[in-house]
Amino acid sequence: MYDFAVVGLGAIGSATAAELVRRGYSVLGLDRYRPPHTLGSAHSDTRMIREAWYEGSLYMPLVQEAYRRWARLEVSSGRTLVRTTGGLMMGPRDGRVFAGRPLAEVVRDDSDCISLSAEDVADRFPWLRPDPGTITIYEPRAGVLGLEACLEASRDAAADADLHFDEPVAEWSASASGVRIRTDRREYRARRLAIAAGAWTPQLLPGLGLPLEVERTVQYWFEPGGVHADALAAGPAWVWELERGGTWYGFRPTARGLKSGMHFQAGRRTDIDRVDRAVGASETAALRRILERYAPDAAGSLAHASVCLYTNTPDEGFILDRHPEHPDVVLFAGGSGHAFKFMLVLGALMADLLTGKPPRHDLSPFSIGRFRGPMRLAGRESTGR
Ligand SMILES: Cc1cc2nc3c(=O)[nH]c(=O)nc-3n(C[C@H](O)[C@H](O)[C@H](O)COP(=O)(O)OP(=O)(O)OC[C@H]3O[C@@H](n4cnc5c(N)ncnc54)[C@H](O)[C@@H]3O)c2cc1C
């Protein structure tokens, strides 16, 4: 019997397994594919790491710890994981980008972050064309995580676990004597179980009725050109709430090109078993119109496009909690498009819950209970599928 089993070895699951191994436990890890793969939420080149501009102050200590943990993993893995590029947070003063950190406080208290007018932005980052009145905060600490390198480093840190790839978990059950996990190959036993199955979570926890929505989103890579191409290549990442048309992001180019896409698009709900993986010409054209309007030098030819999945909760906050009926089962779900940067912290918090160590951060904002009245938990199924 293993001490712990971890189902899902993507971002959060691999970090959970690595942390449990580091603490000296025997760990079984199972994934239905072989991360980094392109079917879930963690693939394709880059993820942004930045302060919690829209998520709220509760995420700020998590970001600080995330930076420390990424730095440690860089040293222990010998890989470059984080590139500090700076980041621009842009949008209307009362928009969603600035909902989590009151601007007046940032300008007063955070001597690193700089407030820029639309004219300042055009001067300093001449490939960008903000509308007059657009508020911009430049965050010099912000950067870019090399996604595949991060996942590989995390998986390598878990190498002393018994890791099984291409082995989907079909069902699990929990009792006083531990947990049983059944795959198409065999049955395993462990004392406790972590579930970090990303967009597949509802399949493994059908009885819980978690309010999770899987959202289809597209990442595009363009070949930038134009007179400002060199400045763009050395420029910051951006998250920009447009007056019309949602929140748009972009990264300085990598070998694949300049990555850009939309963050949260209402109405793109999908079913994990029926995700449309093809990228349509009209959706590419819609993003290209935004690039042409706001960053024309970035609007070169399309190099590549790829579908990726968000798993959203109603409040866009994470779920990290014990199973309400099975205290030996701990789950992470609802990454809501912003969990990657925190993955090492979230893995450590999962390990805290699994090993009975008091969690280093307040987990009440991530509780399952915030979506459910206590009465509704009664009489739920006692096994997962
Ligand atoms: C386009 C896009 C851009 C993003 N940008 C950012 C960003 O800039 N910054 C940021 O912090 N975050 C960002 N995110 C969010 C971040 O990538 C996700 O929140 C994070 O990857 C979620 O991790 P996860 O471990 O929950 O899911 P995943 O990494 O998808 O891992 C889940 C794993 O579970 C496995 N699994 C599922 N079912 C089973 C089963 N039955 N048996 C065994 N294994 C199973 C899957 O194969 C998968 O490997 C972005 C997401 C997308 C899609």
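Reply: Contact here means heavy atoms within 4.5 Å. On that basis, 15 residues of domain 1 are in contact with 16 residues of domain 2. The model is a predicted one, in which local features need pLDDT of at least 70 and side-chain atom pairs count only at pLDDT 80 or more, while totals for chains, interfaces and linings use all residues. Residues are numbered from 1 along each chain as its sequence is written, and side-chain values use heavy atoms, with hydrogens and water left out.

Domain 1 comprises 2-43 + 148-210 + 315-384, and domain 2 comprises 87-140 + 213-312; these bounds come from an automatic or database domain assignment. Their centres, taken over C-alpha atoms, are 31 Å apart. The ligand lies between the two domains because both give residues to the shell around it.

That shell has 36 residues, the closest being Asp 31, Met 48, Val 169, Cys 308 and Lys 341; a residue is near the ligand if one of its heavy atoms lies within 4 Å of it. By residue class, the shell divides into 21 nonpolar, 11 polar and 4 charged (Ala, Val, Leu, Ile, Met, Phe, Trp, Tyr, Cys and Pro count as nonpolar, Asp, Glu, Lys and Arg as charged, and the others, Gly among them, as polar).

His 37 places a side-chain N or O atom 2.9 Å from an oxygen atom of the ligand. From the backbone, an N or O atom of Phe 340 is 3.1 Å from a ligand oxygen, and one of His 338 is 3.2 Å from a ligand oxygen. The ligand taken alone exposes 1,000 Å², of which the protein buries 96% (Shrake-Rupley method, 1.4 Å probe). Two or more shell residues come from each of α1 (11-22), β3 (46-49), β13 (213-222) and β18 (302-312), with β18 giving the largest share, 3 residues. These elements are DSSP runs numbered from the N terminus: helices (H or I) of at least four residues and strands (E) of at least two.

Pro 36 sits in the loop between β2 (27-30) and β3, and a cis peptide bond joins Pro 35 to Pro 36, with omega about 0°. Glu 316, in the loop between β18 and β19 (319-322), has a positive phi of about 60° although it is not a glycine.

As for confidence, the mean pLDDT (the predictor's confidence in each residue, from 0 to 100) is 92, and 96% of the residues reach 70 or more. Over residues 374-385 the pLDDT is below 50, and this stretch has 25 contacts in the model beyond near neighbours in sequence.

Technical notes: Polar contact = N/O pair within 3.5 Å; in protein donor to acceptor, adjacent residues only side chain to side chain.
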